[in-house]
Amino acid sequence: MAEPTVFEKIVAREIPAEIVLETDRIIAFTDINPQAPMHVLVVPKTPAYRDVVELAAGDPDLLAEMIQAAKAIARERGDGDFRLVFNTGELAGQTVFHAHAHVLGGSLGEGSLA
Ligand code: 5GP
């Protein structure tokens, strides 16, 4: 069996995280290395999908729930607007192979595509 990802360990409370939202199917917590004033990771609890493409194919409702959670978090912790980033594949910077969304807000920042 594959080694549990760091996100599975956070879901299982084996390592600590600043959890900002949790439902039956998703968990959201602040990124340990923030790239914006608000940087939250929204993660499905299941480790079944290694990236957003697999998730979209396998459980589109779960992806939709993650996007609605991102909106709620941005309203609660920022001004309501946000960027959603899904690094997909090693060459694109993905380091944790457990599907997740980066929710970034608070300023456009240097890496902005705007
Ligand atoms: P990726 O590079 O795969 O798109 O994003 C993984 C993210 O997980 C990175 O932004 C990284 O800072 C974050 N991360 C890695 N390990 C931990 C951890 O133990 N706790 C938290 N809160 N975030 C983590």
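Helix 3, which spans residues 60–77, lies across strand 1, strand 2, strand 3, strand 4 and strand 5, and runs at about 155° to strand 3. Helices (H or I, at least four residues) and strands (E, at least two) are DSSP runs, numbered from the N terminus, while axes are lines fitted to C-alpha atoms, for helices over the stretch in contact, with angles from 0 to 180 degrees between N-to-C directions. This is a predicted model, in which local features need pLDDT of at least 70 and side-chain atom pairs count only at pLDDT 80 or more, whereas totals for chains, interfaces and linings use all residues. Residues are numbered from 1 along each chain as its sequence is written.

- Five strands form an open sheet in the order 1-2-3-5-4, with antiparallel pairing; two strands pair if DSSP finds at least two bridges between them.
- Strand 1 and strand 4 (83–85) stand at the edges with a single partner strand each, so one side of each has no neighbour in the sheet.
- On average, neighbouring strands of this sheet are turned by 20° against each other, direction ignored.
- Strand 1 (residues 19–22) pairs with strand 2 (residues 26–30) in the antiparallel sense over three bridges, and the two form a hairpin with three residues between them.
- Within this pairing, Glu-22 has Ile-27 of strand 2 as its bridge partner.
- Strand 3 (residues 38–44) and strand 5 (residues 101–105) are also antiparallel, pairing over five bridges, and Leu-41 has His-102 of strand 5 as its bridge partner.

**The nonpolar core**
- The largest nonpolar core has 19 residues, and those with the most contacts inside it are Ile-26, Ala-28, Val-42, Ala-69, Ala-70, Ile-73 and Val-103; such a core is a set of buried Ala, Val, Leu, Ile, Met, Phe, Trp, Tyr and Cys residues joined through C-beta atoms within 7 Å.
- At least two residues of this core come from each of helix 1 (6–11), strand 2, strand 3, helix 3 and strand 5, and helix 3 gives the most, with five residues.
- Ala-69 is in contact with Leu-21, Ile-26, Ala-28 and Val-42, leaving aside its neighbours within four places in sequence; contact requires that the C-beta atoms of two residues, placed from the backbone, lie within 7 Å.

**The surroundings of the ligand**
- The ligand is surrounded by 13 residues, of which the closest are Ile-32, Asn-33, Asn-87, Thr-95 and Val-96; a residue is near a molecule if its C-beta atom, placed from the backbone, lies within 6 Å of it.

**Residues in the loops**
- Ala-99 is found in the loop between strand 4 and strand 5, and it counts as buried because 28 C-beta neighbours lie inside 10 Å; a residue is buried if 20 or more other C-beta atoms, placed from the backbone, lie within 10 Å of its own, exposed if 12 or fewer, and partly exposed in between.
- The C-alpha atoms of Ala-99 and Leu-55 are separated by 6.9 Å, although these residues are 44 residues apart along the chain.
- Phe-97 lies in the loop between strand 4 and strand 5, but counts as partly exposed, with 16 C-beta neighbours inside 10 Å.
- Not counting residues up to four places away in sequence, Phe-97 touches Thr-5, Arg-50 and Asp-51.
- Arg-13, in the loop between helix 1 and strand 1, is exposed, with 9 other C-beta atoms within 10 Å.
- The phi of Arg-13 is near 60°, a positive value in a residue other than glycine, whereas most residues other than glycine have a negative phi.
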